[in-house]
Amino acid sequence: MPLLVMKFGGTSVANLERIENAALKVQREVERGYDVIVIVSAMSGKTNELVGWVEGTSKLYDAREYDAVVASGENVTAGLMALRLQEMGVPARSWQGWQVPINTTAAHSAARFVSIPRDNIDAKFKEGFKVAVVAGFQGVSPEGRITTLGRGGSDTTAVAFAAAFGAERCDIYTDVDGVYTTDPRVSDKARKLNKIAFEEMLELASLGAKVLQTRSVELAMRYKVRLRVLSSFEETDENSGTLVCDEEEIMESKVVSGVAFSREEAKITLFTIEDRPGVAQAIFGPLADAGVNVDMIVQNISEKDYDDSHPGAVTDMTFSCPINQVERAKKAMEDARNAGLIKYDELIIDTDVAKVSVVGIGMRSHAGVAATMFKALANEGVNIKVISTSEIKISVLIDRKYMELAVQALHDAFGLDKA
Ligand code: ADP
Ligand code: ASP
Ligand code: MG
């Protein structure tokens, strides 16, 4: 029997009516002859509420109990979806992570899949069940404790099931009708893409486009899962939405395919550090040990570089990290200074920054993308604080108040509103 994976995000299962709407989409695929694995998120807002309850109870919470609480939102929607399908006459059974079992690592709140044995669900399909409704975002650790996969993790559950069960396709139903050139909530000129290459989607997701969790794209790319994003609120057919696929399937692509942004950035500068071998290691080693995800890094040119008479020259180091890791980063630097590992005169934190990035596989073969980007930002009077590039993306850190303006300007500059 051909099999489909259908994932419904938080807004798509936000109340009983929407669960019914989603169930109708599942029923239609069953009528077309598919066995279906449905992955559900918690009702929208539920996971935030659960996280708030944990933080309100314990500041330095036990990560195992965080996962036990936060995973529960998906249990409710999985049961409700199975019940709704049964009411429609579709034989369905719900599955929590431990029942499958979805085996993960023990890295609580950031667990990774280890294995998803098919036996239990396959046995139910053989019994005549047509739908397995699986709670997204969760798994079980080697110690038998509940784990979660990180925010937005139900997308990754969906792709992992599609890979494990050899699904014909993995359909991600959400509150937009596909992947756009930028977040349609920020630019009304954003245009829906019919196809996007895995690599581009991977960059867009990791640079802030939360329409798919980064890990889900990584898994889809590795296991060659046909991944599609489409609307749960509109009539859809096999041509709807956006297909995330191999580069070769895209006949013609633009130099830049999309603009992504992230508001949750911070910039930290260490003034007057020593300019000697080993300094970068002495700074970024302790940051890594403290679990700080450093993103962009700039080291200033030092006096020594243009004048050899400065043997004891100094320089400055700037890096960016997620805003909620600033306190941890500051403490790691202060501890390193107190331990005599590094010297600096001042540590300056800027939490009013955002990262804006342009992404496109066409950049590999086109020069001048950076120049176009910088010109568009300059025309709007947007000052660039930090720049970083890779083969298919350019990112800049700017004042957060200019973020929307910068996104619009770049969208226009690369002609993304035009097909
Ligand atoms: P779900 O709850 O279904 O998982 P999410 O809120 O996680 O949905 O992701 C969908 C949202 O992603 C959209 O509502 C949209 O605002 C946002 N988004 C950001 N960038 C993009 C993009 N390039 N294309 C489409 N949606 C995007
Ligand atoms: N409910 C979880 C979250 O809000 C997982 C998901 O929706 O993908 O992060
Ligand atoms: Mg999501």
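Reader: Are Asp-171 and Arg-228 buried or exposed?

Author: The model is a predicted one. In it, the side chains of Asp-171 and Arg-228 meet in a salt bridge, at 2.9 Å from N to O. Buried means under 20% relative accessible area, and both Asp-171 and Arg-228 are buried.

Reader: How many residues apart in sequence are the parts that the pair Asp-171 and Arg-228 ties together?

Author: The side chains of Asp-171 and Arg-228 meet in a salt bridge. Asp-171 lies in strand β9 (residues 169-174) and Arg-228 in strand β11 (residues 227-231), so the parts tied together are apart in sequence by 57 residues.

Reader: In which strand does Asp-352, the partner of Arg-400, lie?

Author: Arg-400 and Asp-352 form a salt bridge whose closest N and O atoms are 3.9 Å apart, which is within the 4 Å cut-off. The pair links distant parts of the chain, 48 residues apart. Arg-400 is in the loop between β18 (393-399) and α12 (403-413), whereas Asp-352 is in strand β16.

Reader: Which residues do salt bridges with shared partners join into one network?

Author: The count of salt bridges comes to 27. Salt bridges that share partners make one network, joining Glu-199, Glu-247, Arg-364 and Glu-391.

Key:
Residues numbered from 1 in each chain as written. Chains lettered and ligands numbered in written order. Predicted model: local features only at pLDDT ≥ 70, side-chain atom pairs only at ≥ 80, totals over all residues. Heavy atoms only, no water. Helix = DSSP H or I, 4+ residues; strand = E, 2+ residues; numbered from the N terminus. Buried < 20%, exposed > 50% of the residue type's maximum accessible area, 1.4 Å probe, protein only.
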